[in-house]
Amino acid sequence: MELAHQPNCNSFVLFAFTFALFSVAAIAEIGGGYLIWHWLREKRKPVFGLIGGLVLFLYGVIPTLQPSNFGRVYAAYGGYLAMAIIWGLLVDKKRPDRYEIIGGLIVILGSSIIFYYPR
Amino acid sequence: MGLNEIQPGRECQLATNGPELKESVIDLLQSLIKWSSKQMAIYSSFINIYCLAIRYKEILHSLFLFFLAGLCEIGGGYLIWLLLREDYGWIFGAFGGLVLFLYGVVPTFQKSYFHRIYAAYGGIFIVMALSWGFFFEGIIPDTFDILGTVVASIGIIIIFYCPRKPKDDKIGISSSA
């Protein structure tokens with residue numbers, strides 16, 4: 001937020017900053033959900049659930065650093081959930097097919113229009 | 001129809017647990033439909049309707065859980081947002097954390113956890129987030145919010161409904177991989 005309100009802030013720096021925030025939020029969300037999943041579905045120790053809850057709380061903190069209004073930040077973030085395809089590739093070892101890649105790119109394009117179009 | 005008319009070399013394995021078993025029974029029935037002769041046409045259409053009903057029930061169940069997850073996620077995020085951006089009391093943040101924890105619990109009721117389904121969730125999420133901003137903050141989505149939502153929805157429809165070759169996975173929400 002501090003960075004975003006600098007009057008002379010370089011637009012590339014701003015883009016990199018917000019993009020990094022979206023990515024970190026996605027990792028925190030999927031990671032936290034994954035830990036709780038392991039606790040409840042894979043019958044791991046409750047400490048997994050506890051850490052998962054903390055990570056999800058952190059996930060709630062990250063979008064507040066974004067320089068826009070609530071609805072727009074969360075809507076744009078929704079598109080970044082398409083990154084779950086990358087998660088599927090890395091964790092489940094499931095290679096995305098052609099349409100998943102094309103569709104994923106279009107989804108990212110759509111949410112970039114929501115967030116990055118200059119007003 | 002005699003037993004000797006059964007298609008040779010057709011192997012069918014039934015899975016042992018819940019959703020996979022249901023899927024494999026559906027697959028077996030559908031392969032029987034394909035094989036069966038014209039006399040079976042009437043029965044087979046009944047079986048087909050039954051199979052569809054099972055599938056759609058799962059889809060509705062899954063969509064409901066996504067709606068619930070989106071509500072918890074956006075609601076929890078909004079409470080934390082109120083704490084940090086609008087200087088509301090810490091109790092809002094504490095509740096927000098709790099609701100986000102609930103959000104982590106909801107997907108465990110999903111029958112499966114698949115990245116393609118997750119992408120669909122992204123689409124539901126975008127629309128829900130813009131509605132939340134509209135109803136709770138009174139911010140009307142502008143042209144480019146709407147345009148971006150439409151583009152993102154097109155992407156999700158491509159991920160979801162583009163016809164694949166038969167050897168690839170099933171199209172859309174399916175409880176088997």
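Chain B and chain A bury about 4,400 Å² between them, 73% of it on carbon and sulfur atoms. Buried area here is the accessible area (1.4 Å probe) that two parts lose on being put together, summed over both. This is a predicted model, in which local features need pLDDT of at least 70 and side-chain atom pairs count only at pLDDT 80 or more, while totals for chains, interfaces and linings use all residues. Residues are numbered from 1 along each chain as its sequence is written, chains are lettered from A in the order in which they are written, and side-chain values use heavy atoms, with hydrogens and water left out.

Let us begin with the chains themselves. The table uses DSSP runs, numbered from the N terminus, with helices being H or I of at least four residues and strands E of at least two. Buried means under 20% relative accessible area, exposed over 50% and partly exposed in between (1.4 Å probe, protein chains only). A contact is a pair with heavy atoms within 4.5 Å.

| Item | Chain A | Chain B |
|---|---|---|
| Secondary structure | 5 helices, 0 strands | 5 helices, 0 strands |
| Order of elements | α-α-α-α-α | α-α-α-α-α |
| Buried residues | 45% of 119 residues | 40% of 177 residues |

Now to the interface. The contact takes 50 residues from chain B and 50 residues from chain A. Between the two chains there are 8 residue pairs in polar contact, both residues at pLDDT 80 or more. Such a contact is a pair of N or O atoms within 3.5 Å; within protein, one must be able to donate a hydrogen and the other to accept it, and residues adjacent in sequence count only if both atoms are side-chain atoms. On the side of chain B that touches chain A, at least two residues each come from α2 (41-85), α3 (90-105), α4 (115-137) and α5 (143-161) of chain B. The largest share of that side, 12 residues, is supplied by α4(B). By type, the residues of this side of chain B are 29 nonpolar, 12 polar and 9 charged. In this count Ala, Val, Leu, Ile, Met, Phe, Trp, Tyr, Cys and Pro are nonpolar, Asp, Glu, Lys and Arg are charged, and the others, Gly among them, are polar.

The rule finds 2 salt bridges across the interface, each a side-chain nitrogen of Lys or Arg within 4 Å of a carboxyl oxygen of Asp or Glu. B:D142 pairs in this way with A:R72, their closest N and O atoms lying 3.3 Å apart.

What about individual residues? B:I80 belongs to helix α2 of chain B and is buried, at a relative accessible area of 0%. Beyond its neighbours up to four places away in sequence, B:I80 touches A:F57, A:G60, A:V61, A:T64, B:G93, B:G96, B:G97 and B:L100. One of these, B:G96, is 16 residues from B:I80 in sequence, with 5.4 Å between their C-alpha atoms.

A:S111 sits in helix α5 (residues 98-116) of chain A and is likewise buried, with a relative accessible area of 0%. With neighbours within four places set aside, A:S111 contacts A:A76, A:G79, A:Y80 and B:G148.
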